[in-house]
Amino acid sequence: METKGTICQSCGMPLQKDEDFGMNEDGSKNGEYCHFCFKDGEFTDPDITMEQKIEKIVKIAVSRTNMSEARAREMANNIIPELKRWRK
Ligand SMILES: [Zn+2]
């Protein structure tokens, strides 16, 4: 499976190392979602809306980087709706 350059299809986090990936119910690596979003075959936040997810990601991005909230929100609004989990 080619996973280089993959991002989590729920939150947009880059998936590079094995430990970045989520886990399927059978313990195998899930190639599409990160370990924050996906654990033991389920989403860790199954009831969250896309808008709530964006808010969460903006807060994380602001606290971990020097990014301004406006910039983080702009990026999240560009990336998140394109991801598999949120596409309708
Ligand atoms: Zn994720």
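Analyst: A word on terms: helices (H or I, at least four residues) and strands (E, at least two) are DSSP runs, numbered from the N terminus. In that scheme the protein chain reads β-β-β-β-β-β-α-α from the N terminus on, with six strands and two helices. The model is predicted: local features need pLDDT of at least 70, side-chain atom pairs count only at pLDDT 80 or more, and totals for chains, interfaces and linings use all residues. Residues are numbered from 1 along each chain as its sequence is written.

User: What domains is the protein chain divided into?

Analyst: Domain 1 covers 6–43 and domain 2 covers 50–82, with bounds from an automatic or database domain assignment. Their C-alpha centres lie 19 Å apart.

User: OK, helices. At what angle do the axes of α1 and α2 cross?

Analyst: Roughly 135°, with the axes of α1 (residues 50–64) and α2 (residues 69–79) coming within 9 Å. Axes are lines fitted to C-alpha atoms, for helices over the stretch in contact, and angles run from 0 to 180 degrees between N-to-C directions.

User: Which residues make the contact?

Analyst: On α1, I54, I57, V58, A61 and V62; on α2, E69, A72, R73, A76 and N77. Contact means C-beta atoms, placed from the backbone, within 7 Å.

User: And what are the C-alpha box dimensions?

Analyst: Along the principal axes, the C-alpha atoms of the protein chain fill a box of roughly 40 × 25 × 20 Å.

Note on methods:
Two residues are in contact if their C-beta atoms, placed from the backbone, lie within 7 Å.
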